[in-house]
Amino acid sequence: MQTSSAIETPTPEIEIPTQAEVLVDSVRTILQAIGEDPDREGLRRTPERVAKAMADLTSGMNQTMADVLNGAIFTQEYDQMVLVKDIEFYSLCEHHLLPFHGKAHIAYLPNGRVVGLSKLPRLLEVYARRLQLQERLTQQVAGAIQEALRPRGVAVMVEAAHFCMMMRGVEKQNSKTVTVALLGEFRDSQLLRSEFFGAVGASRPVYL
Ligand SMILES: [Zn+2]
């Protein structure tokens, strides 16, 4: 007599693909969708390469301002503007997944506390390495410094060239987009704004 089906064959565990695997498959799908052969020699490892690059270019999503600034804030009586200028950065525009890159200038007016200077470029990276809008990037950097240091003022200016403009559509090769975030005394004092824009070598935008 056959035993009833008390002994069941174990249901095979459903394998959930990792994020990296999903990314690799998706890139393969994109290659096929644009009419390419993902198996031809030059493209064979492209999905893996793109997946790696995307993970790297969006690695800021797994970081916070605290990861960068914690332990690097010091008590110091210095009440003049601190400015780190011409910080090169690369980011990805969230509308087209194309790069935009340029320079950022970050300034603050200390209120008894300063941050290690190398932390400002690192802070910029946290927000640049994710899908972004230049406007939001500018505000997030300013907001993070405001929150971490409670300074008397923060000024952030970002000048960038966007590949989505340069390579397609309007094809404005040499245009630059400038965004500014001013907080505290930089917002209130025209003199301070002038000092900041003068120091970064920018002609003051007419609306400021
Ligand atoms: Zn774009």
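1. Let me start with C93, which in this predicted model counts as buried, because its relative accessibility is 4% and the cut-off for buried is under 20%. C93 is also a protein donor of the zinc ion, through SG.

2. H96 is partly exposed, at a relative accessible area of 34%.

3. Please have a look at L97, where phi is positive, about 55 degrees, although the residue is not a glycine. L97 sits in the loop that links β2 (82-93) and β3 (99-109), and with 46% relative accessible area it is partly exposed.

4. R150 deserves a glance as well: this non-glycine residue has a positive phi near 45 degrees. You will find R150 in the loop between α5 (134-149) and β6 (153-162).

5. Now for the sheet. It is open and has five strands, ordered β5-β2-β3-β6-β7, with mixed pairing. At its edges are β5 (131-132) and β7 (177-184), each of which pairs on one side only.

6. Within the sheet, β3 and β6 run antiparallel and are joined by ten bridges. One place to check this pairing is H101, whose bridge partner in β6 is A161.

7. Finally, which strands does α5 lie across? They are β2, β3, β5, β6 and β7, and the helix runs at about 25 degrees to β7.

Methods:
Residues are numbered from 1 along each chain as its sequence is written. This is a predicted model: local features need pLDDT of at least 70, side-chain atom pairs count only at pLDDT 80 or more; totals for chains, interfaces and linings use all residues. Side-chain values use heavy atoms; hydrogens and water are left out. Donors are N, O and S atoms within 2.8 Å of the metal (3.2 Å for Na, K and Ca); water is not among the atoms, so sites may look incomplete. Buried means under 20% relative accessible area, exposed over 50%, partly exposed in between (1.4 Å probe, protein chains only). Helices (H or I, at least four residues) and strands (E, at least two) are DSSP runs, numbered from the N terminus. Two strands pair if DSSP finds at least two bridges between them. Contact means heavy atoms within 4.5 Å. Axes are lines fitted to C-alpha atoms, for helices over the stretch in contact, and angles run from 0 to 180 degrees between N-to-C directions.
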